[in-house]
Amino acid sequence: MPSYVIVGASRGLGYQYLKTLSTNPSNKVIGLVRTPASVQSKVSADNLPSNVHILQGDLTDPSSLNAAAAEASKITSAVDYLIVNGAFLPWETAHLTPLDFIGNEQAFIDELNASMSANVAGVMWSINAFIDLVKKSSVKKVIVVSSGMADTELVGTTGITHSVSYAISKAGANMVVAKYAALYKSEGVVFLALSPGFVQTQAEDPNNVPPEVAAGLDALTKAFRKYEPNFEGPVLPEESVKSQLKVIEGITIKDSGKFLSHLGTTRML
Ligand SMILES: NC(=O)c1ccc[n+]([C@@H]2O[C@H](COP(=O)([O-])OP(=O)(O)OC[C@H]3O[C@@H](n4cnc5c(N)ncnc54)[C@H](OP(=O)(O)O)[C@@H]3O)[C@@H](O)[C@H]2O)c1
């Protein structure tokens, strides 16, 4: 019975992981969310199968993650796949470049602190909370959902100068993965930082994307074509999770500590 823990599973890619993985009745799928009541209602409304379990857990609250691991141990004796997916995404300031913070330095420090707290420290607290359960598995895979925004080549070719604190925090998360890979190499635990590609997660209904969201996706698509001329644009969560799972299945201890994309390579798109 393969067991999966998804940290940050309330919506977007995290919720898609619950949907996709629960279609196999032999999987045990545990989703950690900040607000279990509302997510449990969504799980019921969507008729997700009974192999989905929702637990409370906040990336910025290590005690909640430790409590979730204790609860998870009552559902499964081992965790085969720990997937740390949730992230702090500061949309309101995503368009600002480093120069835009001149005279507004404290705003940047506050945003950086929030990004690092969830996206770097939160990854560490999640791994620390669940590592004992992961070690009890024969699979032993820990995946941290990263971003192409943390890839220096992509930044250089596309000229994407915004999303500063977010990109810094994802680059930090990649280093967290490298540190844990070094710590646990001898014990056979595989750690991977995995970019999910470019995914439309902002609008639940893909046929009803608000114009301002569509414009943002279009602008990014154009920028990404400087990196990959044939790039077609964002995919839906279902397709990204399918690609991510293929990569997750394929990796071995030789890949531990790497930063790969949904393509299974160091090319981000
Ligand atoms: N979509 C893309 O194109 C794309 C590209 C590159 C990387 N990514 C990465 O993919 C992952 C998922 O992104 P997404 O597009 O699905 O984003 P999303 O739809 O905005 O979902 C973000 C998720 O993170 C959770 N979260 C935020 N802060 C949290 C905290 N402190 N503790 C626990 N959970 C928290 C949210 O929960 P709440 O509902 O409680 O807020 C939500 O479930 C992120 O790591 C993101 O950086 C996405």
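F198 is found in the loop that runs between β6 (190–195) and α7 (211–224), where helices (H or I, at least four residues) and strands (E, at least two) are DSSP runs numbered from the N terminus. The model is a predicted one, in which local features need pLDDT of at least 70 and side-chain atom pairs count only at pLDDT 80 or more, while totals for chains, interfaces and linings use all residues. Residues are numbered from 1 along each chain as its sequence is written, and side-chain values use heavy atoms, with hydrogens and water left out.

- Leaving aside neighbours within four places in sequence, F198 is in contact (heavy atoms within 4.5 Å) with residues including L217, L220, F224, F231 and L269.
- Between F198 and I6 there are 192 residues of separation in sequence and 20 Å in space, taken from C-alpha to C-alpha.

- F130 touches V5, L32, L65, A68, A69, A72, V79 and L82, when residues up to four places away in sequence are not counted.

**The ligand site**

- Around the ligand there are 24 residues, of which S10, R34, N85, Y166 and T201 come nearest; a residue is near a molecule or strand if one of its heavy atoms lies within 4 Å of it.
- This shell divides into 9 nonpolar, 11 polar and 4 charged residues, where Ala, Val, Leu, Ile, Met, Phe, Trp, Tyr, Cys and Pro count as nonpolar, Asp, Glu, Lys and Arg as charged, and the others, Gly among them, as polar.
- Helices α1 (12–22) and α6 (164–184) each supply at least two residues of the shell around the ligand.
- A polar side-chain atom of R11 lies 2.8 Å from an oxygen atom of the ligand, and a polar backbone atom of N85 is 2.6 Å from an oxygen atom of the ligand.
- In the side chain of T201, an N or O atom is 2.6 Å from an oxygen atom of the ligand.
- The protein covers 90% of the 890 Å² of accessible area that the ligand has on its own, with areas taken from the Shrake-Rupley method with a 1.4 Å probe and, for residues, only the protein chains shown counting as cover.

**Positive phi angles**

- Most residues other than glycine have a negative phi.
- K140, which is not a glycine, has a positive phi of about 55°; K140 is placed in the loop between α4 (105–135) and β5 (141–145), and K140 counts as buried because its relative accessibility is 17%.
- S163, also a residue other than glycine, has a positive phi near 55°; S163 lies in the loop between α5 (152–158) and α6 and is buried, with a relative accessible area of 12%.

**S240 in helix α8**

- S240 lies in helix α8 (residues 237–250) and is buried, with a relative accessible area of 1%.
- The side chain of S240 reaches the backbone oxygen of P196 at 2.8 Å.
- Not counting residues up to four places away in sequence, S240 touches L13, P196, V199 and V235.

Methods:
Polar contact = N/O pair within 3.5 Å; in protein donor to acceptor, adjacent residues only side chain to side chain. Buried < 20%, exposed > 50% of the residue type's maximum accessible area, 1.4 Å probe, protein only.
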